[in-house]
Amino acid sequence: MITCHLMEGKFETRVCQGFDEISRSVDTCREALAAIPLDAIIKILDALGKRVLNNPDINTLPGVSYISLWLRRENLDRICRVNFSDKRYLDGFYQSETNVLMMAQPRGIVCHWIAANMPTLGFFSIVQAILSKNGSMVKMPGEYVPLILSILRELPEISVDHEGTTYSGKSLLDAIAIVTFEGRSTSVSEKFSLAADCRIIFGGSEAVRAISRLPCRDHCETIIFGPKYSFAVFDREYIESDGFKRSLDQLAKDVAVFNQMACSSPHVVFVEKSRYSVEVIASWLRDAFERLPGALRNQEISSGLSAKIINARARYLLSDGKNCVAPRDLGWTILIDQKICLEEPIQGKCIFTKEITSVDEVIPLVNHKIQAISIGILDPAKRDAFARQVTYRGADRIVIPGTIHDFTLPWDGIMTLNRLVRWVILRSN
Amino acid sequence: MPDADPIPSKGAWTRDTIVALPPYSQDDQHKNEFLLPIIKEQLEIARRNNRQIDNYFSKQGIEIDAIQRLEDVPYIPVQMFKVFDLRTRPEQEIVKILQSSGTTGGTPSRIPLDKATTLNQIKALKSILSDYLGERRKIFLVIDHEGINSPQMAFSARTAGVRGLSIYAKKIFYLLKEEDGRLSLNMPVIREIVENYSHEDVYAFGFTYIIWTIFYEQLKKEGMRFSFEDFTLFHGGGWKKMQELAVSKETFSDTIAEVFCTKRENILDFYGMAEQTGIIFVDCQHGNKHVPTFSQIIIRDPFSLEPCDIGKTGLIEVMSILADSYYDQAILTEDLGVLVGVDDCPCGHKGRYFQFVSRVEKAEPRGCGDTFRESGR
């Protein structure tokens, strides 16, 4: 069964038998979107960010304040410049460095498969499709639909003036359809996949593999944001610097946001030997966890995850040469040992803490599953050398504590907006 | 319920006197008072004799002298029996190591037993069963195949049930047989029972899921029923599968009671585990599981880990004074339960009473966070 929650700008829930009607509507409406200059689209999205921040019904919901920051005009401008090199390519043929005129045309209909780890993920995916002037059909977890709809409801209320013309947010909204359906239903998933000119897939290993195998049209582009792993590294100079304790507050926040369910969530922190023992550093991290806002510290977890955390704590407490620092409740857990390796994620704010002799010991651990490494390395040359080596081995993002979840492009090594367009040429006479 | 024995004077509470008491005769507060000093003494010995347990206490800064309530006794998660040797007596005193595969297979738990612990477990189980079966030995029907009790079989919840409950058996009959790994009715034995033992006092044991999907289903096809003068069925385990079949505890009890021509009250679900052999928590006629004198249960909130109030679901922690040879003083299970009440069950049993809710669902990593291991290399 397919439930459509939004189509042609109408927030009506209805049951559909297939995607034909939905895709026809998105395909028709995306023409109006493509006709809007990119700067006007950015203005509308900037206005949307301000509106959601001022809407008391939604501005307290998790992730919404970040959305409004992310939608700021300067940020969207930067994203477009990084992806397209020049925004003008989106609005018409434009002289490139070669002899030809080039334009970035939208791919058409983007079908999004949204994962269940982050309530606002679907919104970021939609905005990227809008910035590349594509229509969207979005399959998202049912529990996140109300949040996304409440944000999108603001769009028709927005109009902006750009170079003497007024543009409405409704044109953006009309090109979006939100659907829910049982992902295990192969026949429905196949139909959804076949409606796509481009597929964006977010999810864990099993989901990504299953969706990738679905049939799609020959020209269809598939962009995969698959399962990834992240961690943190601090070198001696950084640990002994004044800013280190403040960085641990940032690290605790990075661990806590999304309760370690995101691909950008750190699971291990490596600390280079310094004048502070790993136990002392763990005690500072403990204080940092305790300083987290209540909503981040006390996130609900399943009883299965409780059992997993309880078992991990007990294993470390019973073992020789390991330790565990944790409160009485399951708010957070620091697991300390000396084995230089990455650890299977537990989630629920469980961070493995390991002392290393040199940050170089971490380099061989990096592979293509590593998304982000949050680093604290003071010396710029050492920092650069480390970053070159770990990115060569597969890591995608080398960031600083407190920014690990910042949704900047490229993400997972992908310039998403660039992949969402077709680069076409017009040879001049 | 047997009459309560005279209560020993304060200070005279030893483990032996407690195990000898009628199992549901003591109110909760009183029980906590006499269990705590015994457990604290056992913790001292456990800590002295096991480096891992000493690690566990010292890393958490736990001083045994400072423990004021049973709730503060450090619990060890049940899974740790699969990872660590939790023996608390010298190796030469261990006479047997129980290896329990549990219901889900995988790495077995290892439970080291010395003579005193084994003896305590037998006494305790006898005490519990006597409350439900009286003092006389009876015919014991095992709704399983004979191989389940063979020494070659890995110790499982099914084996534990058969061996534990057989202490009241005058004669044992296995109602199922196994051929090529498939269970089916052992018809010659069933006919013998129907013909020769219908007027005897009988009790039976089986794994809930097996009773329903094999015994009951096949018996229905054969059109057979039993008719005993006096009958009690103890059954446990497999509730997750039963939930998948949408068979409630009530439906199970009513249907199986009909098969044995008995009342629903005689179909008794129980909760227990190999890591705490000797103690089973059996349903009373009101569907509540009662905690015998020599043990205690605490339901802990899955996040705060603090004891839950009555009516709130949480993780079941089981406590006991029976074992000298391993850490069974406080074991945190991966089962969810709810404390129904204390000292006031209409059945008259004293102490805490609870209901089993479900096994904890295995937690798979959620979201796009994943293992660090690359696939395909």
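Modeller: First, the terms: an axis here is a line fitted to the C-alpha atoms of a helix over the stretch in contact, and the angle between two axes runs from 0 to 180 degrees, taken between the N-to-C directions. Two packed helices are described by that angle and by the distance between the axes. Keep in mind that this is a predicted model.

Now look at helix α11 (residues 244-256) and helix α12 (residues 278-290), both in chain A: they pack at an angle of about 55°, and their axes are 8 Å apart. Angles under 35 degrees count as roughly parallel and 65 to 115 as roughly perpendicular, so with its angle of about 55° α11(A) is oblique to α12(A). As for handedness, α11(A) and α12(A) cross in the right-handed sense.

Who does the touching? On the α11(A) side you'll find K245(A), L248(A), D249(A), L251(A) and A252(A). Facing them from α12(A) are W284(A), L285(A), A288(A) and F289(A). Sort the residues of this contact by class and you get 7 nonpolar, no polar and 2 charged.

F123(A) has 25 other C-beta atoms within 10 Å, and because 20 or more counts as buried, F123(A) is buried. Leaving out residues up to four places away in sequence, F123(A) touches I67(A), I148(A) and I151(A). Take I151(A): it sits 28 residues from F123(A) along the chain, yet their C-alpha atoms are separated by 8.5 Å.

Key:
Residues numbered from 1 in each chain as written. Chains lettered and ligands numbered in written order. Predicted model: local features only at pLDDT ≥ 70, side-chain atom pairs only at ≥ 80, totals over all residues. Buried ≥ 20, exposed ≤ 12 C-beta atoms within 10 Å, placed from the backbone. Contact = placed C-beta atoms within 7 Å. Helix = DSSP H or I, 4+ residues; strand = E, 2+ residues; numbered from the N terminus. Parallel < 35°, antiparallel > 145°, perpendicular 65-115°, else oblique. Left-handed = near helix turned anticlockwise from the far one by under 90°. Nonpolar A, V, L, I, M, F, W, Y, C, P; charged D, E, K, R; others polar.
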